[in-house]
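Trainee: I have a model open and would like to learn how to read it. Can we go through it feature by feature?

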Amino acid sequence: MLDAVVVGSGPNGLVAANLLADAGWSVEVLEAQSQPGGAVRSDRGVHPDYVNDVFSSFYPLAAASPVIQCLNLQAEGLRWSHAPSVLAHPLPDGRCAVIERSQDQTANGLDAFAPGDGEAWSRMCATWHEISRDLVDTLFTPFPPLKAGARLARRLRVPGGLALARSLVLPAKRLGEEEFRGEGARLLLAGNALHADLPPEAAGSGGFGWLMCMLGQQHGFPVPTGGAGQLSAALVRRFRRLGGTVRCGEPAREIVVRGGRAVGVRTACGEAIPVRRCVLADVSAPDLYGGLVNEQHLPRRILEGVQRFQWDFATFKIDWALGGRIPWKAGAAAGAGTVHLADGVDDLTRFAGQLATGQVPDHPFTLLGQMTTSDPGRSPDGTESAWAYTHVPQTITADAGEDDIHGTWDEREQEAMADRMERHVERYAPGFRSLIRARRILAPPTLQALDANLHGGAINGGTASLHQQLIFRPVPGTGRPETPVRGLYLASASAHPGGGVHGACGANAARAALHATAGTARVLSAAQRLLAGRRRIQQT
């Protein structure tokens, strides 16, 4: 009998499986898709000469994550690659805000927008270096983060600490206005906040935008050499080397519960897989509660809470094989791995407002990845493997553009949205469309079909808004990987700390399982000693 089964082989599931295997457990991973990796995969499906990442690409959170670092994936062949510049936000007039690999170069570029903004950026970086270790540990450990949180709280009690705490909960737009005079740094903060589903006016978006900017400045936005799938492949190799098994094409149908405890998994083909210790679920909270786990085993507060679970925005993505490098009007964008495309902070606000009212944006804020610039082996010399994505509403009420997109996402709507995004790129890079050799469209239903955790194309495992974080994630009163079913742990991005490729959700679940087992062992040992003592007394 296996010690544990992990349902889902995304990065969280694979991290959890590795940590359990490190402890000597026998572990099997079940994956519904034909290959492991969840939303960390790459292929040559656009053009045989080009490697394209199917979902995620850049991994600053992985670079900062103590969880990923402790696995020593370099020993499994994983290598990281960086673009010459981290991130760029060009403007139609040719100006460009850039996070460079060098802090001083970033600061110099921001001074071109407004004198003094470079010094303000450097102050932000100094604050980051003071608290980054404790902040990252606080974010990536189970809630409540007692040790790391206490260390962070001590730092916030020093002069200026309350001002910093206030800054972290400010909207990105307000934080930018308070700290910077020019538009460049303000764009970097607001654009990075929208890597999640946090509009420039949302509380906490300033803190998230600042976090992403500082991660980029310290760690860059690295990519796995050879494609995103190399990160998943390294996790799988490590796990298999420890004796673990990954079974692809094996979707789970039910988590079997008896006496309030998870005792196994039943697959879609009817196979029963019993477990000695536990089940870890790298699946979304809505798919777990009332889905894999029958409602009869769950308290009403969980069932009612999951009905209120809020998904993040849907995603529309295009992958390209380009015959040349992108001809940016702003030359500084050419060396960046990640490029943000919007006309200004107010344009980002307008985009977020259209999403909030259910409209497909007419000028979609576009995040673009230049993958050959980041990793030269992704395509032939002089070409570019690239992608771009934008967000659309989960439920569409209207199209702010002229294409009459209603969310059926049939071929006409997919082509119209892709053309809209390409025209948007063309505004910043005239001649871009003439470089397209091939493209692949990944509409929201396509993304979900390729990874069930990406509900409606949501890539964050649920909204990153404050009302669904910490003790409110995935439902109020939780915040930890333990579930109401003993021996069952939530290991997906629906759990704290949420989306991103950092492995913390899986690590938290694995450590909770190990701790519970150790606690049970201690109780059994104490009981055995007590019984033995009583027998000795009776014998005398």
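Trainee: Where is P497 found?

Mentor: This is a predicted model, so keep that in mind throughout. P497 sits in the loop between β20 and α18 (504-539).

Trainee: Which peptide bond has omega near 0 degrees?

Mentor: The bond from R473 to P474, which is cis. P474 is in the loop between α17 and β20.

Trainee: Next, backbone phi. Which residue other than glycine has a positive phi near 55 degrees?

Mentor: L470 does. L470 lies in the loop between α17 (444-450) and β20 (488-490). W409 is not a glycine either, and its phi is positive at about 55 degrees. Find W409 in the loop between β18 (398-399) and α16 (411-428).

Trainee: Is W409 buried or exposed?

Mentor: Read the relative accessibility. Buried means under 20%. W409 is at 9%, so W409 counts as buried. L470 is at 41%, so L470 counts as partly exposed.

Trainee: Which residues make a nonpolar surface patch with L470?

Mentor: I471 and F472. With L470 they make a patch of about 240 Å².

Trainee: Now a charged side chain. Where is D362 found?

Mentor: In the loop between β15 (359-360) and β16 (366-370). Its relative accessibility is 18%, so D362 counts as buried.

Trainee: What does the side chain of D362 make a polar contact with?

Mentor: The side chain of R350, at 2.8 Å. The side chain of Q354 also makes a polar contact with that of D362, at 3.1 Å. Set aside neighbours within four places in sequence, and D362 is in contact with R350, Q354, A400, G401 and R420.

Trainee: Last, the cysteines. How many disulfides does a search of the whole structure find?

Mentor: Start with the idea: a disulfide is a covalent bond between the sulfur atoms of two cysteines. Here the search of the whole structure finds zero. Take C213, which is in no disulfide: the nearest cysteine sulfur, that of C125, is 9.0 Å away. The cut-off for a disulfide is 2.5 Å. C278 is in no disulfide either; the nearest cysteine sulfur belongs to C505, 17 Å away.

Trainee: Why does C213 count as buried?

Mentor: Because its relative accessibility is 0%. C278, at 2%, counts as buried too.

Conventions
Residues numbered from 1 in each chain as written. Predicted model: local features only at pLDDT ≥ 70, side-chain atom pairs only at ≥ 80, totals over all residues. Heavy atoms only, no water. Helix = DSSP H or I, 4+ residues; strand = E, 2+ residues; numbered from the N terminus. Buried < 20%, exposed > 50% of the residue type's maximum accessible area, 1.4 Å probe, protein only. Polar contact = N/O pair within 3.5 Å; in protein donor to acceptor, adjacent residues only side chain to side chain. Contact = heavy atoms within 4.5 Å. Patch = residues over 30% accessible without salt bridge, like charges linked within 9 Å, V, L, I, M, F, W, Y side chains within 5 Å. Areas by Shrake-Rupley, 256 points an atom, 1.4 Å probe, with all protein chains shown as cover. Salt bridge = Lys/Arg side-chain N within 4 Å of Asp/Glu carboxyl O.
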